[in-house]
Amino acid sequence: MAYEGDELLENVTSKEYEFGFTTNIESDKAPAGLNEDIIRLISSKKNEPQWLLDWRLEAFKIFQKMTEPEWAHVKYEKPNLQAISFYAAPKQKKVLNSLDEMDPELRKTMEKLGISIEEQKRLSGVAVDFVMDSVSVATSFKEKLGELGIIFCSISDAVQEHPELIKKYLGTVVPRTDNYYAALNSAVFTDGSFCYIPKGVRCPMELSTYFRINEAGTGQFERTLLIADEESYVSYLEGCTAPQRDENQLHAAVVELVAMRDAEIKYSTVQNWYPGDKDGKGGIFNFVTKRGMCEGANSKISWTQVETGSAVTWKYPSCILKGDNSVGEFYSVAVTNHFQQADTGTKMIHIGKNTKSTIISKGISSGRSQNSYRGLVQIGKNASNARNFSQCDSLLMTDTSGAHTFPYIEVNNSTAKVEHEATTSKIGEDQIFYCLQRGLDQEQAVSMIVNGYAKDVLNKLPMEFAVEAQKLLAISLEGSVG
Amino acid sequence: MLKIENLHARIEEKEILKGLSLTIGEGEVHAIMGPNGSGKSTLASVLAGREDYEVTEGTVTFNSKDLLDMAAEERAREGLFLAFQYPVEIPGVSNMNFLKAAVGEIRKHRGLEALTAKEFLQLVKEKSQLVELDGQLANRAVNEGFSGGEKKRNEIFQMAMLNPSMCVLDETDSGLDIDALRIVSEGVNAMRDGKRSFVIITHYQRLLDHIVPDFVHVLYKGKIVKSGTKELALELEEKGYDWLKEMEDAK
């Protein structure tokens with residue numbers, strides 16, 4: 001493929017977390033703590049209708065009855081929710097008429113992240129929504145998409161402008177009762193992206209959201225809802241960064257996807273939240289619930305993720321294959337270094353007939369990190385001829401890191417076919433030496449071998465993201481061998 | 001070009017090279033033969049800079065530089081190439097990208113401009129014909145799923161691409177059938193230009209029928225015990241190593 005190789009090799013330079021800057025802009029931040037008043041405050045700040053406030057308060061009640069899950073193969077000090085501010089927004093002095101009026105500091109942040117809006121507009125044809133701390137600050141290309149009937153905006157705007165869609169779909173894929181962090185998110189979510197692709201429309205560009213945690217002492221609770229109506233197609237990209245801070249910051253997002261009959265959603269994530277320093281201090285707790293519903297027949301949802309950041313990751317992008325002949329895919333590369341811990345995988349719930357799912361998971365563990373794949377393949381009793389193929393590979397870079405695989409398979413229909421393959425290997429000294437003998441240095445050798453190992457997944461990413469992901473893999477693993 | 005003096009090297013606690021000396025001039029082809037376990041492959045690994053081996057004594061000068069002071073990748077960039085006895089597979093890394101990166105590094109080190117994509121492909125085409133690999137590489141990963149013969153041909157192809165001044169071939173003939181042996185040998189011969197030097201490590205005379213050496217050395221117990229011209233190889237083929245072993249052990 002054209003994007004392999006050179007660019008990546010030229011970029012293996014910076015040793016530290018590249019996105020660890022903060023932006024000095026005035027922020028409107030709620031007092032720390034979690035209670036009904038804070039939820040009312042968030043709801044009123046966002047000028048929400050009563051039904052949504054009620055929905056949040058109900059979620060809060062559910063949340064209060066739940067306890068934090070402990071089954072994941074991770075160890076961390078549970079975040080003190082009373083010490084977190086649940087709402088922080090960059091203060092804007094007035095309503096902006098165009099992106100040119102945006103706070104110059106905020107513009108600089110975007111440029112540092114490599115998402116200069118002009119650049120995006122001119123070159124790549126990617127529509128970007130940018131969420132800093134809790135609030136969505138810019139959505140490019142809105143008009144152009146509008147002509148096709150595509151809605152792509154912040155979820156706050158969608159609540160105001162398309163309340164019927166929000167009311168119909170919010171919480172239908174990830175109910176408030178789903179889990180501790182999903183309930184928390186439902187109570188306090190502040191912003192996120194919303195996308196609706198109308199019937200028969202093929203979205204002509206990649207839609208992209210960039211999430212950024214900037215303020216200290218805050219959490220980010222974004223909520224994304226994406227609906228692909230019948231016979232539509234959309235490819236959606238999500239990127240995340242955060243400043244370097246000594247404290248742990250909580251990120252608890254919920255992403256819901258709905259694919260109607262003959263619709264296809266491709267959802268790609270490059271997650272690079274601050275992982276903490278090399279001694280394990282600081283970093284983001286990334287506790288995320290992502291789920292897609294293949295509602296209609298012949299629908300397809302494909303998750304691709306490259307996870308390199310966060311101190312602790314707890315994330316299982318899943319598919320409910322309800323429509324007959326629907327297809328679910330999960331392609332993942334998860335890299336952990338130093339003291340990072342990741343427990344990630346997927347759930348493929350086969351309900352409809354002739355449903356198919358594919359799971360390709362590539363874990364890479366270095367330093368003293370722990371990297372676990374956890375996946376469930378469930379074949380329902382009516383899911384005749386369901387098929388699943390799972391491949392879970394682990395690559396160990398050091399003797400002090402760990403790789404674990406927890407596959408769960410439940411089959412309730414005798415016509416189902418489920419295949420699972422797993423391998424664990426250690427990066428080969430011989431492979432590295434071979435590269436060195438051909439003139440490549442150690443870092444180039446490691447990045448080349450690791451990228452080769454993860455190629456099946458990286459190839460699933462859209463081009464723009466694939467290059468970024470390759471660089472990230474290389475940077476995340478610097479100094480990890482030898 | 002390459003001067004090895006009193007080289008001692010060990011792996012873990014075991015000394016394998018015990019005072020090896022050898023001088024290789026510009027454009028010369030030296031064959032190194034010897035019984036199993038005499039230290040032939042160790043010599044190749046030590047020259048290439050493999051870290052498992054510790055050099056305890058001796059010097060190696062390469063183009064008047066201290067070779068032992070250089071990291072493995074520097075040695076490669078300075079023009080030392082090792083054709084591996086067992087080339088490793090690197091799954092998912094395409095041959096083309098691998099070579100492009102390697103050629104890029106080596107050219108950069110030598111102060112040459114980077115090749116354009118077109119020039120690179122032209123070079124690939126030209127050099128792959130040398131070992132009859134034309135058109136078989138583009139879409140495959142490095143050595144992945146290659147037959148034994150293909151792997152060895154790929155080594156020689158890489159050697160031609162990287163244009164080294166000193167080539168070390170570690171049992172390149174092992175596992176080759178007659179046709180592959182001919183192809184590989186022709187590839188090597190095509191690269192003999194009176195300037196480039198070769199060290200050819202082999203067990204058997206048959207490779208030396210194709211690649212005719214200027215000098216033949218016998219390595220035994222970590223030292224060169226006999227040197228001669230190509231006739232020495234024929235003598236060894238006929239008489240085996242035992243007479244040499246006995247002579248040496250009697251000392």
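**Entry 1: a strand pair in chain B**

I started with His217(B), which stands opposite Ser227(B) in strand 12 of chain B. This is a predicted model, and I kept in mind that local features need pLDDT of at least 70, side-chain atom pairs count only at pLDDT 80 or more, and totals for chains, interfaces and linings use all residues. Residues are numbered from 1 along each chain as its sequence is written, while chains are lettered from A and ligands numbered from 1 in the order in which they are written.

I then looked at the strands around this pair: strand 11 and strand 12 of chain B run antiparallel, joined by 5 bridges. They form a hairpin with 2 residues between them, and Lys221(B) in the turn has a positive phi of about 50°. My elements are DSSP runs numbered from the N terminus: helices are H or I with at least four residues, strands are E with at least two.

**Entry 2: the sheet**

Next I traced the open sheet of 6 strands in chain B, whose order is 6-9-10-3-11-12 with mixed pairing. Two strands pair if DSSP finds at least two bridges between them. The edge strands, pairing on one side only, are strand 6 (80-83) and strand 12 (223-228) of chain B.

**Entry 3: helix 8 of chain B**

Which residues of helix 8 of chain B are buried? I noted Leu232(B), Ala233(B) and Leu236(B) in this helix, residues 230-239. Buried means 20 or more other C-beta atoms within 10 Å of the residue's own, exposed means 12 or fewer, and partly exposed is in between, with C-beta atoms placed from the backbone. Seen down the axis of helix 8 of chain B, the buried residues fall within an arc of 105°, so they line one face of the helix. The arc is that of the directions from the helix axis to the C-beta atoms.

The face turned away from the buried side carries the exposed Glu231(B) and Glu238(B). Strand 3 (29-33), helix 7 (206-210), strand 11 and strand 12 of chain B are among what covers the buried residues. Just after the helix, Gly240(B) takes a positive phi of about 75°.

**Entry 4: where the chains meet**

Last, I checked the two chains: 21 residues of chain A are in contact with 24 residues of chain B. Contact means C-beta atoms, placed from the backbone, within 7 Å. Helix 10 of chain A gives the largest share of chain A's side, 6 residues.
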